[in-house]
Amino acid sequence: MTTYRAVEIERKTSESVERAGDSETPDNCERAEPHENPCHDKRPRPIDPKRFRLRRAVRMFYDLQRLRIQAGGRTEPKAVGAEIQLDSADIAFMNRTSADLNRLESAALREIEVCLDAFRITPWLIGIRGLGPTMAGVILSEFDITIATTVSKLWAFAGLHVVDGHAAHPVKGKTLSYNKWLRMKLLGVLGVGFLRCGSEYKQTYDDYKHRLQSRVVTPCMECAGVGKAIFEGRKVTCPNCEGGSRPPPWGRSDAHRHQAAIRYMVKVFLKDLYVAWRTVEGLAVRAPYAEEKLGHSPHAPRQAEARDAACGGIL
């Protein structure tokens, strides 16, 4: 059974099912997304029916998953030593409800798998270790590859772009320019899945994290060089630079470097996806900015491998 903490995480990272009647646009139109139009044009535009159907199935799956976790968690203590005020009849009812929701969740997953068959890039996605049908559904239903003419547009729509030299983040009083739900799924589900399953992208994570750990940044990003940091309201010896006794690595902590490495790994995956997806759709593929504009050499041969795999295994 799932703990209260897991329920809270799932509640925060899931959204309600989109309702066709809630939108002011026609049923066959949707609002233009930021990465789809540099001018953020809000005029309705026609959408791909297969993408629209897949999006409904994916959102329904995650809603059912959230409800199933919440129903199952009601029969568990919320803290150590806490007493559950339920009798046997209540527990039996909630267990039956959780089982019914589990069956509905499985039905939604089957619908996602049926919808995925309509996309030519699906075999390439499913072939990646750590990426299952639900995450494939999230990716294919949220991104529109026909409008993402560069990989940077995929990054920007997913909130993985850079603003003023820093990772994009919410700003009070301003509307988000990216898809927050998609970003949470990519970093919190896909990135963690790559690490747990030993995906081919885990090497990218390891290499980048090692780069960050080996990169000396002065002053320390955690304590600003004073050797003391605030932890739970009190001053302690800075764990990042050990009170100034060693050169401080990039980042505020190991957790900061871990999250930065996951973010970089997901961006590399999206770069490969951009090449493979646009290749199988017969669309033009542009080189990354660093190669096209700055003249840098490719960092890794993954793009060529993605293109060859897409052409040889799908076309």
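Colleague: Is Glu222 buried, partly exposed or exposed?

Modeller: Partly exposed, going by this predicted model. The relative accessible area of Glu222 is 23%. The cut-off for buried is under 20%, so Glu222 does not count as buried.

Colleague: Which residue does Glu222 form a salt bridge with?

Modeller: Arg252. The closest N and O atoms of the two are 3.3 Å apart.

Colleague: Where do Glu222 and Arg252 lie?

Modeller: Both are in loops. Glu222 is in the loop between α8 (202-214) and β5 (228-231). Arg252 is in the loop between β6 (234-237) and α9 (254-280). They are 30 residues apart in sequence, so the pair ties together those parts.

Colleague: And Arg252, buried or partly exposed?

Modeller: Arg252 is partly exposed, at 41% relative accessible area.

Colleague: New topic. How many salt bridges are there in the whole structure?

Modeller: A search finds ten. One of them joins Asp254 and Arg257, with the closest N and O atoms 2.6 Å apart.

Colleague: How many residues apart are Asp254 and Arg257 in helix α9?

Modeller: Three, which means about one helical turn between them.

Colleague: Is Arg257 buried or exposed?

Modeller: Buried. Its relative accessible area is 2%.

Colleague: What about Arg103? Which side chain does it meet in a salt bridge?

Modeller: Asp100, at 1.9 Å from N to O. Both sit in helix α3 (residues 88-116), three residues apart. That is about one turn of the helix.

Colleague: Why does Arg103 count as exposed?

Modeller: Because its relative accessibility is 52%, and exposed means over 50%. Asp100 has 36%, so Asp100 counts as partly exposed.

Conventions
Residues are numbered from 1 along each chain as its sequence is written. This is a predicted model: local features need pLDDT of at least 70, side-chain atom pairs count only at pLDDT 80 or more; totals for chains, interfaces and linings use all residues. Side-chain values use heavy atoms; hydrogens and water are left out. A salt bridge is a side-chain nitrogen of Lys or Arg within 4 Å of a carboxyl oxygen of Asp or Glu. Helices (H or I, at least four residues) and strands (E, at least two) are DSSP runs, numbered from the N terminus. Buried means under 20% relative accessible area, exposed over 50%, partly exposed in between (1.4 Å probe, protein chains only).
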